Each structure stands twice: as C-alpha cells, then as structure tokens.
Amino acid sequence: MNAPAQQGPAPTLVVDEVIPIERDGVPFAFHVPTSAFYELDPLTVQVLAAVNARGSVTEADLSNGFATALAVPPEELDEALRDLMSLRLLVPQEDRGRRIGGDEPPDLSKGVANLVMHVAHTCNLGCGYCYAEAGLYKGKATIMTEQRAVEYVDWLFDQADPDKKQLGLTFFGGEPLLNPRVIRAGAAHAQKRAKETGRTISFGITTNGTLVTEEIAQFLQDINATVTVSLDAIGKTNDRLRPFHSGKGSYDLVMEKIRPLLDRKIAVARVTVTRLNLDVVETVSTLLDEGFREVGCSAVDAKNPAYDLDGSHYHQLLEGMKVLTKRYVEHAARGEFYGFSNIHNIVKAIHNGHNKEYPCGAGLQMVAGAPNGKMSLCHRFVGEEDFVLGSLQKGGLDESKRKATLDAITLKERSDCGTCWARYICSGGCHHVNFLFNGEASKTYLTHCDWLRAWYRTGIETYADLLKVNPTFINQFVDPGYTCTA
C-alpha cells in the first residue's frame, strides 16, 4: 500500500467507517465516507484490528510499546499509519464518518441534459400495481401532440449549457407506442437540433411490447434507441400481473411482438417483483435465453398488500438474486458478460466510487415532461402538483422551485440515513417510493433498508470476487453512469 507522506500522525486516531470483507481468505475494506474499495495487506489488517481493539491510537502510544505489541519495527508501523491516514482509513476522532470528496450535484445553472417525454397518458394494459394508475397519472387519457413534442425538444436543446455535448430523450407513458407518430416527430426534430448545435442525442423508450412491429423495431434500431420492455415473469404468472383491461393475458402476444427487437439485440427487460412472481432466477434466465441483452429486477412499490413484499419475500428475492450473481461472476471469470443488470449496476457504482447526495438524476440532470406541458421532478412524479418544477407555457423550469425541491430531498436532510453504512451507495432511496409510503420524498422508506443493505453487501463482495477471478473484466465491461430502474 503506497501513499504520499503526511506530517506525522494525528494526536488521536480512530478507524473510520470501514466495512471489512473477506473472500477466500483475502481481506478487503469498503470505506464508507469515500466509497473507496481496498485490498488490504497483512500489516494493514493487523494495525486496523489493533486500533479498533484500543478504540484509538495516539503519538504517545507509539512510544509506549504499540509497535512492540504488534511486533513491527517502529519505522514500518509509522509508514503504515501514514498510509492509512492518507487513505482516511484512520482519521482524527472528530472526523469519523465525515464525507470528504464524492460527487457533487451538477451546477443547476447549466440546465438539464435528459428529458423523459410522456407521449401518451394512457395504456392498453391494466397492471394492478401500476404507480401511474394505468398510465393516467391522476388525470384523463391524453396523447401528446407533435407540436408539443417539438416544443419540448427545442426547450431541451435551448436550455442546456453549450458545454453539454450529449443530451438524452426518453419516450415514456402510459404506453408510448400508442403514439408512434409523435415519437417519430420528436426523434426527427431532436436529430435535426443535434446536428445544428454540434451535439449528439441518445434515445430511449420504455414499452410493454404489445404494439411493436417490424417497422417500429427498425425505426428504434435506426435511432440507436435503448428499448426497455416491461415483463414481470414467464407465461401465466406474467399474465396475472400484466393483463389487458379485458383480463386476457399478455405474455404470449408480447413475446411474439417483440421478436424483431430481440433479433436485433436492442432490447433489455425490466421485471417488477411482487409477492406473486418471486422466482427471479427462472424469469431472468428465461428472458436472457429469449434474447434480451440485459434483465433487471426491481421490488414493487404499490402500497397494496396484494403485491408488496414483506420480510420473507425480500429474503426469497435476495436468495434468487444471489444465484444470478454467482452466474454473473462465473461468466466474468471466462471474460463473458451475463446480463443480470442489478449486479452489473452495483459493480459499476462501486468501481466508479458512487458517493452521492442524491440517488439519481431526478431534477438535477433529468426532468419529465407531460402532454400538458408541465415538467416534473421525474417520470414517477408526473401528476403530483407539488413536484411540478415548471412548464413550457411559463418558459421552462422555475429555478427557485427546482432548488427548493432538491434542497429538501438531499441525503443531508435524511436523518434516518445518517449512520447507515450504505448511505452513499443508496443515497436515501427512490424519492417517489419515499413519497408514496411516507408522504414525504425526504423521509426514507425504512422497509426497504435491511434488504438493500444485504444486496449492497452482496455487490461489494462480488466486486472483490471479480478482482480475483478476472480483474480485466471490470475495465472491459463496466462503464460509468447510473440509470433509474424504477
């Protein structure tokens, strides 16, 4: 372990918040305040254990036999202490747990870079757990006009800082493919504006898959869109969760309709896990075999006991995700990618030192635009007036409202998270989930916490496993960036 020398050890040092991990006899440490990950040498392990046992160490301890007790030459111990201080694994007592560094929120004056465009507030499926109330978002069925889509695109390009060379546009609903004409118009105008301004534009779409055609699949491939298909399970289990309004199941039709997407290898799947579809191993395995590039799972948040998970359900979900994680590592050992996106995203977060005050880009780098021209904190908050941040009719975002909203939901305002070791990975959890269950976006939904901590620990252990089985895999397949899976 090498680090720059500092001017002597601090008068009183303690071990900072460190999560010890051991994999096949090899010790690692995850440092909570910086989200840094280290493989530890034997002396480091010995020193940290000794300081923990004492509670603290001072300069006086060094001259009173600490080095002798460790059977380490004083100069070697001094170097180890300097290294540990430089890495902040040992810190002055008053600094324990204090976040230094990490990712700061983007400068709000530079605008947003991503827009989720709600092109259709209506849906042809009737999923019982839908937070958007079958795509209506507390309103009436509404289809966005071409003129409104063009206005949104112009606003996105006009308000973004000129230094932002990469912008993003996601088509959302309801079911966005109920309005393909506006999707095409929005994409065409965005490409035109990108060319005019010397930028690039990336596209995404989230669909239930029932309306995909060969023509639509080709169009989505032509604009290089990331296509997310919502599927919750296989066969009849999916039919129970994602029926048409008539009650007819959707699985067989969806799998038939999305074949052009799968053949083009441009589709990923999103699985909402309820108490009715806990066999995530079968679901993820089958969907990957069908041709999805990646499959991700997210625990339902319906505020409905028919769907929401309890402790035993979370345990079953975690065990299934561990099975899929093992497959991910086995593939990585061979230099192959296994498309279980949950573990892949955690590995990315750890590798990139995810250390943030916010869990996602809602209101920071991204906002959602409704058919009526109102812009909300994110796609899940559309229809909630308290989280409307502006409108096209009034010139865009109300920056004072935006700042006040963001200030209220920062991790610093979440007292429940202050002592949680996973706070800078989780960053307080999904704002909308917190709002749905607690009535406040800033109040953490604690029911999720035990399961999330267990899952994040699995992610840290997996990162250590990858370093051992194939460290080049991480640089080859892991890229920066964090996306909402809600």
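This is a predicted model: local features need pLDDT of at least 70, side-chain atom pairs count only at pLDDT 80 or more; totals for chains, interfaces and linings use all residues.

User: Which residues have a positive phi although they aren't glycine?

Analyst: Ser35 is one of them, with a phi of about 55°. Lys265 is another, at about 60°. For background, most residues other than glycine have a negative phi.

User: Ok, where is Ser35, and is it buried or exposed?

Analyst: Ser35 lies in the loop between strand E3 (26-31) and strand E4 (36-39). Its relative accessibility is 3%, so Ser35 counts as buried, the cut-off being under 20%.

User: While we're on backbones, which residues does a cis peptide bond join?

Analyst: Gly173 and Gly174, with an omega of about 20°. Gly174 is found in the loop between strand E10 (166-172) and helix H6 (180-197). In general, most peptide bonds are trans.

User: New topic, rings! How many aromatic pairs are there?

Analyst: The structure holds 13 aromatic pairs. Take Tyr129 and Tyr307: their ring centres are 6.0 Å apart and their planes are at 75°, so this pair is edge-to-face. The pair links distant parts of the chain, as Tyr129 and Tyr307 are 178 residues apart. Tyr129 sits in the loop between strand E8 (120-121) and strand E9 (142-143), while Tyr307 sits in the loop between strand E14 (295-299) and helix H12 (311-333). Both of these tyrosines, Tyr129 and Tyr307, are buried.

User: What about Phe437 and Tyr445, how are their rings arranged?

Analyst: The rings of Phe437 and Tyr445 are stacked, with 4.1 Å from centre to centre and 20° between the planes. Phe437 is buried at 19% relative accessible area, and Tyr445 is buried at 12%.

User: Which rings link into a cluster?

Analyst: Ring pairs link Phe28, Phe37 and Tyr463 into a cluster.

User: And which charged ends sit over rings?

Analyst: Arg184 has its charged end over the ring of Phe219, 4.5 Å from the ring centre. The charged end of Arg380 sits over the ring of Tyr131, 4.2 Å from its centre.

User: Back to helices. How do H1 and H4 cross?

Analyst: The axes of H1 (residues 42-54) and H4 (residues 74-86) come within 10 Å and cross at roughly 80°. H1 and H4 are therefore roughly perpendicular to each other.

User: Which residues meet there?

Analyst: From H1 you get Leu43, Thr44, Val47 and Leu48, and they meet Glu76, Leu77, Ala80, Leu81 and Leu84 of H4. The residues of this contact split into seven nonpolar, one polar and one charged.

User: Last one: where is Lys394, and is it buried or exposed?

Analyst: Lys394 is in the loop between strand E17 (388-391) and strand E18 (396-397), and at 76% relative accessibility it counts as exposed. The C-alpha atoms of Lys394 and Lys374 are separated by 9.2 Å, with the two residues 20 apart along the chain.

Methods
Residues are numbered from 1 along each chain as its sequence is written. Side-chain values use heavy atoms; hydrogens and water are left out. Rings of Phe, Tyr and Trp (its six-membered ring) pair if their centres lie within 6.5 Å; planes under 30 degrees apart count as stacked, over 60 as edge-to-face and the rest as tilted. Helices (H or I, at least four residues) and strands (E, at least two) are DSSP runs, numbered from the N terminus. Buried means under 20% relative accessible area, exposed over 50%, partly exposed in between (1.4 Å probe, protein chains only). A charge sits over a ring if NZ of Lys or CZ of Arg is within 6 Å of the ring centre and within 35 degrees of the ring normal. Axes are lines fitted to C-alpha atoms, for helices over the stretch in contact, and angles run from 0 to 180 degrees between N-to-C directions. Angles under 35 degrees count as roughly parallel, over 145 as roughly antiparallel, 65 to 115 as roughly perpendicular and the rest as oblique. Contact means heavy atoms within 4.5 Å. Ala, Val, Leu, Ile, Met, Phe, Trp, Tyr, Cys and Pro count as nonpolar, Asp, Glu, Lys and Arg as charged, and the others, Gly among them, as polar.
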